[in-house]
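Subject: Structure handover

Hello,

Please find the structure below. My notes on it follow.

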Amino acid sequence: FDEPFSLYEFSEGVAIVSLNGKEHYIDNKGNFILPNNYSILGRFYNGYAAVGNYDEASQKQLYGLIDKNGNLVIDLMFESMPGFSDELVDFELNDKHGYLDINGAIVISPQFADAFPFRHGIAAIAVGDDCNQAYKSTCKYGFINKSGEIIINPKYDLATRFNEGLAFALLNKKVGYINMKGETIIPFQFD
């Protein structure tokens, strides 16, 4: 299936489309909106979207935020920036993850080896090294609140965000589910 044009879900009246290998924003009538100065476009959340470009000097993809008018409100300086959830955006700077608010102020300093978006005021984070090397890493996952305080100690080999009150976690190569208090609800028994 070779389509030159593919559509994505709308968010705040704007969708991202790909045409001839380049991403663009469109409105709900299919009109191209905002100048496309970026190689990577993110979904809008509360009027802001993460965007990215390759930086020749650092030889890295760098990310920042634009507003609905296309104005760059946070400079392209972050190594990753998946987008907003619960009014905060997680970012990576110098191989450490932290969180910004919508105004671009750092509210949780970059200190974690890995981080997930907030959901219900809680985010999974990791401490240690080599988080991308499953089973070979010293990386341990836990959870923080929006003040950056650890509320579930990092002891899991992997953990993700909460959905329907439970979070997937991996402990000693077994999968289980915990609640927002860190209590095991579904035992660590699955492969």
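Strands here are DSSP runs of E with at least two residues, numbered from the N terminus. One of them, β14 (residues 122–127), contains Ala126. This is a predicted model, in which local features need pLDDT of at least 70 and side-chain atom pairs count only at pLDDT 80 or more, while totals for chains, interfaces and linings use all residues. Residues are numbered from 1 along each chain as its sequence is written, and side-chain values use heavy atoms, with hydrogens and water left out.

Ala126 has 0% relative accessibility, so it counts as buried (under 20% relative accessible area, with a 1.4 Å probe and protein chains only). Beyond its neighbours within four places in sequence, Ala126 is in contact (heavy atoms within 4.5 Å) with residues including Phe112, Cys131 and Tyr141.

The largest nonpolar core has 15 residues, and Tyr141, Phe143, Phe162 and Ile178 have the most contacts inside it. Such a core is a set of buried Ala, Val, Leu, Ile, Met, Phe, Trp, Tyr and Cys residues joined through side-chain atoms within 4.5 Å. β14 gives the most to this core, with 3 residues. A second, separate core of 12 residues includes Ala50, Leu65, Met81 and Phe91.

There is also an open sheet of 4 strands, in the order β5-β6-β7-β8, with antiparallel pairing; two strands pair if DSSP finds at least two bridges between them. β5 (40–41) and β8 (72–78) are at the edges with a single partner strand each, so one side of each has no neighbour in the sheet. Strands β6 (residues 48–55) and β7 (residues 60–67) pair over 8 bridges.

Regards

Terms used: Buried < 20%, exposed > 50% of the residue type's maximum accessible area, 1.4 Å probe, protein only.
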